[in-house]
Amino acid sequence: MDVARASLPCVPTPSRLASSHVAAEGVRKYKDFSVCFSRVRALELSSKTRVDSSAVGKTGEQTRKARRKEKDAGTTEDPKLYLEEAALERQLPELDLRMLVDLPPGLDYNEWLASHTLALFDHINLVYGTISEFCTMTGCPDMTGPGLRTYLWFDEKGKKTRVAAPQYIDYVMTFTQRTVSDETIFPTKYANEFPSSFESIVRKILRLLYHVVAHIYHCHFREVALLGLHAHLNCVFAHLTLLNQRFNLIDPKETEILGDLEAALLGDSTSSSAPSQTLAIQETPTTAT
């Protein structure tokens, strides 16, 4: 795995291939997809100059007050703003994103997973960074997702802990950064090989990143939309969803909470996984890492 791969936004860049022709074809195939994500970092830097930050802050505070008020009144959860028609915009809607996740001939499976994992980590971390100031210990005292889902954290000793969303997400990003920087897990030198447990490690990373995405949609989608980043968030979610559908990397019990968003954004592409999206929510929908 070439270390330069991580710097290419959301474009899996193969390295250890027997044929340079296959590599070139792979890069050309996904060149168009990289265009939308290459602008995300610039959007992050300029968003506060394009959007009235006081309006975003006021909206965030109103959202938090409404959430507390509904909680006190016994209401189930906030309306799903991300399902409104105006919010279902996606970058490059004409591109069939399924081609993004299909494993091209000649590419190593683990190398392919590594490339997508690095890209998704980079962009989910980036999107969360744009609204992190609105995700506070008081405003988000629990790590929650749609459908009254609450995520618990397992520490290194296996102890299950209920933590606030900012702390949980910090744990996720720290764990993921440490893992992808580990040469024994994500090798960057030609002679090094992936460990036999690599797929299971990727599964854990993607599951945790899915939790972060679910929290953003559930608690901070209004701020994302006000910053004009909802189309990029939807595109990242589509990427993560299609990768999971292609290789079955995340338990259906994890993804069912955003099954309605999958159907709205991807339409018929979710038909192959439809049974997994109709599973009943458990009576106590609390998930641990």
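Q: What does pLDDT stand for in practice, in a predicted model such as this one?
A: pLDDT is the predictor's confidence in each residue, from 0 to 100. This model is predicted. Among the elements of the protein, helix α7 (residues 165–180) has the highest mean pLDDT, 97. Helix α13 (residues 274–277) has the lowest, 33.

Q: How many residues of the protein reach a pLDDT of 70 or more?
A: The share is 63%. The mean pLDDT of the protein is 74.

Q: Where does pLDDT stay under 50, and how many contacts go with such a stretch?
A: One such stretch is residues 69–76. In the model it has four contacts beyond four places in sequence. Over residues 269–286 the pLDDT is also below 50. That stretch has 28 contacts beyond near neighbours in sequence.

Q: What makes up the protein, in helices and strands?
A: There are 13 helices and four strands. The protein has 289 residues, and 51% of them count as buried.

Q: What share of the contacts between residues at least 6 apart in sequence joins residues at least 24 apart?
A: The share is 76%.

Q: What describes the packing of two helices?
A: Two values do it: the angle between the axes and the distance between them. Now take helix α8 (residues 198–219) and helix α10 (residues 230–247). Their axes come within 11 Å. They cross at roughly 145 degrees. The crossing of α8 past α10 is left-handed.

Q: Which residues make the contact of α8 with α10?
A: From α8 come R203, L206, Y210, V213, I216 and Y217. From α10 come L233, N234, F237, L240, L243 and F247. By class, ten are nonpolar, one is polar and one is charged.

Q: How do you know whether R203 is buried, exposed or partly exposed?
A: Its relative accessibility is 29%. Buried means under 20% and exposed means over 50%. The value falls in between, so R203 counts as partly exposed. R203 lies in helix α8. Beyond its neighbours within four places in sequence, R203 touches F247, N248, L249 and I250. The C-alpha atoms of R203 and D251 are 9.0 Å apart, though 48 residues separate them along the chain.

Q: What makes N248 exposed?
A: Its relative accessible area is 55%. The cut-off for exposed is over 50%, so N248 passes it. N248 is found in the loop between α10 and α11 (252–255).

Q: Why is L148 called partly exposed?
A: Its relative accessibility is 49%. That is not over 50%, so L148 does not count as exposed. Nor is it under 20%, so L148 is not buried. L148 sits in the loop between β1 and β2 (149–154). L148 and I257 are 109 residues apart in sequence, yet 9.1 Å apart from C-alpha to C-alpha.

Q: Why is D142 called buried?
A: Its relative accessible area is 19%. Buried means under 20%, so D142 qualifies. D142 is found in the loop between α6 (109–131) and β1 (144–145). Beyond its neighbours within four places in sequence, D142 is in contact with T150, R162, V163, A164, A165 and H215.

Q: Why is L81 called partly exposed?
A: Its relative accessible area is 23%. Under 20% would be buried and over 50% exposed, so L81 falls in between. L81 lies in the loop between α4 (53–73) and α5 (98–101). Leaving aside neighbours within four places in sequence, L81 is in contact with A87, F221 and R222. L81 and H218 are 137 residues apart along the chain, and their C-alpha atoms are separated by 8.5 Å.

Q: How do you know where the buried residues of α12 lie around its axis?
A: In helix α12 (residues 259–266), the residues G259, L261, E262, L265 and L266 are buried. They cover an arc of only 155 degrees around the axis, so they are on the same side of α12.

Conventions. Residues numbered from 1 in each chain as written. Predicted model: local features only at pLDDT ≥ 70, side-chain atom pairs only at ≥ 80, totals over all residues. Heavy atoms only, no water. Helix = DSSP H or I, 4+ residues; strand = E, 2+ residues; numbered from the N terminus. Contact = heavy atoms within 4.5 Å. Axes fitted to C-alpha atoms, helices over the stretch in contact; angles between N-to-C directions. Left-handed = near helix turned anticlockwise from the far one by under 90°. Nonpolar A, V, L, I, M, F, W, Y, C, P; charged D, E, K, R; others polar. Buried < 20%, exposed > 50% of the residue type's maximum accessible area, 1.4 Å probe, protein only. Arc of directions from axis to C-beta.
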